Amino acid sequence: MPDITVIKGGKVIFPDRVKENDIIIKDGIIECTDHSGEIPECAEIIDANNMYVAPGFAEIHIHGGGGYDFMDCTDEAFEKISEIHRNHGVTSMLPTAVSCGADDLTELFDVYRRVIQKKTKTRFLGIHLEGPFISDAMRGAQNPRHIRKPSEYETDKLMECGGDIIKMCTAAPELDGAEYMAEAMKKHNITLSVGHSNGTFGDIEKAMRMGFRHITHLYSNTPGIRKINQTVYAGIPEAAYYFDEMHIELIGDGHHVPAEVLRLALKLKGADKINITSDAMRAAGTDVKDSYLGEIKPENRVIIEDGVAKLPDRSYFAGSIATGDVMLKWLVNKCEISICDAVKMLSLSPAAVVGEDKNIGSIEKGKLADILLIDESLDVKKVIIGQKNAS
Ligand SMILES: [Zn+2]
């Protein structure tokens, strides 16, 4: 007998409108989004009681939470991070690696492969490599010891041991070897993202020819207009706005990007081309004051102050401690944008960046039933995750 669930009486957040509708889920897939009339007798009924019914959030840039980092390379870390972020609305994620050695990456791939065989709290969509092929000048809080150029040898090795599970790669396209790397990654359908880059407008134009279509945390280590040897060059934000095909990511914790900039980006790019990420680190969902970015090692120590992670000398932010509903509240309450746009930038737009928008990201017939019930205060009250193997 099919497994049928009906979500009744909720205000459903579609990409372009909010409408009171009943939703029918059959075997983990959204079967109907505008049900009226009889409810099948065998159905489980969830009374949404005037709450919002939203698609689950997709996090394509997330390092940790609940005291764990994916770079811990343990099953427990994967479980705890997904659990803490799921409780705040994230139903899919890309575990994100910081710059590290090749052996550490291999270990991360091994854990990932093991974990996805099990029942997990969220859907893992693949791994996001944020480095090591980034600009030393724009490394931010990343460990300089591990930053390097993409050699052909290392690119080939990386594709050999992780090409099937790497979903996205943040790199500096101006580095020597980037072209070879991009070519190799495109063969594995890996989303190429400009980030921690010192590139000029011209470098980004070249990057687009290489296949880059996304910018990782715009305004964090993505410099704009600048003078080099008495000549003025446009930079990354200018290119991000100029090229329509470019998608951008903004950190939505309310610290990295001012509300005015979010509104400017929305005006210039539209919600389809902006995804909001937490870039959350280990301390997300906890109240600790001391933590680590990446592996637990003295050199990776960071402090948590005023609701954001910083390097101990306060020279750089070191990731956020935000969770999904914190970002939703910032978008709606502080940036004063519509709940449709806010939810889209947390669900459909990030899913599109990694080619998963056909399966998840909106409440639409045929998509996986990853659904949130959210109350009037924008707190996530219930999380439903549809069947796992439908993609
Ligand atoms: Zn990051």
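N221 is buried in this predicted model, with 23 C-beta neighbours inside 10 Å. A residue is termed buried if 20 or more other C-beta atoms lie within 10 Å of its own, exposed if 12 or fewer, and partly exposed in between, with C-beta atoms placed from the backbone. N221 has a positive phi of about 60° although it is not a glycine, and it lies in the loop between β14 (214-215) and β15 (226-228). The helices (H or I, at least four residues) and strands (E, at least two) are DSSP runs, numbered from the N terminus.

The model is a prediction, in which local features need pLDDT of at least 70 and side-chain atom pairs count only at pLDDT 80 or more, whereas totals for chains, interfaces and linings use all residues. Residues are numbered from 1 along each chain as its sequence is written.

**Loop residues**

A positive phi, here about 55°, also occurs at D306, which is not a glycine. D306 is placed in the loop between β20 (301-305) and β21 (308-310), and it counts as exposed, with 6 C-beta neighbours inside 10 Å. The table sets the two residues side by side.

| Residue | Phi | C-beta neighbours inside 10 Å |
|---|---|---|
| N221 | about 60° | 23 |
| D306 | about 55° | 6 |

Another loop, between β11 (127-130) and α3 (152-162), holds R139. P132 is found in the loop between β11 and α3 as well, and the peptide bond from G131 to P132 is cis, with omega near 15°. R139 is buried, with 20 other C-beta atoms within 10 Å. Leaving aside residues up to four places away in sequence, R139 touches I134, P144, I147 and H196; two residues are in contact if their C-beta atoms, placed from the backbone, lie within 7 Å. L346 is one of the buried residues of helix α9, together with D341, A342, V343, K344 and M345. Since 6 of the 8 residues of α9 (residues 339-346) are buried, this helix is largely enclosed by the rest of the structure.

**Strands and their pairing**

Two strands pair if DSSP finds at least two bridges between them. Strand β12 (residues 166-171) runs parallel to β13, with 4 bridges, and A171 has V194 in β13 as its bridge partner. In β13 (residues 191-194), T191 and S193 point one way while L192 and V194 point the other way, and all are buried.

Strand β23 (residues 371-374) is likewise covered on both faces, with I371 and L373 buried on one side and L372 and I374 buried on the other. It is joined to β5 by 4 bridges in the antiparallel sense, and A54 stands opposite L372. The antiparallel pairing of β23 with β24 also has 4 bridges, with L372 opposite V383 in β24. The hairpin of β23 and β24 has 5 residues between the strands, where L378 takes a positive phi near 70°.

**Domains and core**

The chain is divided into domain 1 (1-56 + 361-391) and domain 2 (57-360), with bounds from an automatic or database domain assignment. The domain centres, taken over C-alpha atoms, are 29 Å apart. The contact takes 22 residues from domain 1 and 26 residues from domain 2. On the side of domain 1 that touches domain 2, β5 (52-55) and β24 (380-384) are the elements that give two or more residues.

The largest nonpolar core has 115 residues, of which V53, A97, L108, L250, A309 and I321 touch the most other members. Such a core is a set of buried Ala, Val, Leu, Ile, Met, Phe, Trp, Tyr and Cys residues joined through C-beta atoms within 7 Å. Helix α8 (residues 324-334) gives the most to this core, with 5 residues, and each domain supplies at least three residues. Not counting residues up to four places away in sequence, I321 touches A280, M281, A283, A284, I304, G307, V308 and A309.

**The chain as a whole**

The chain has 10 helices and 24 strands. Its radius of gyration is 20 Å, close to the 21 Å that the globule rule gives for 391 residues, so the chain is as compact as a globular protein of that length. The radius is taken over C-alpha atoms, and the rule is 2.2 Å times the number of residues to the power 0.38. Of the 391 residues, 52% count as buried.
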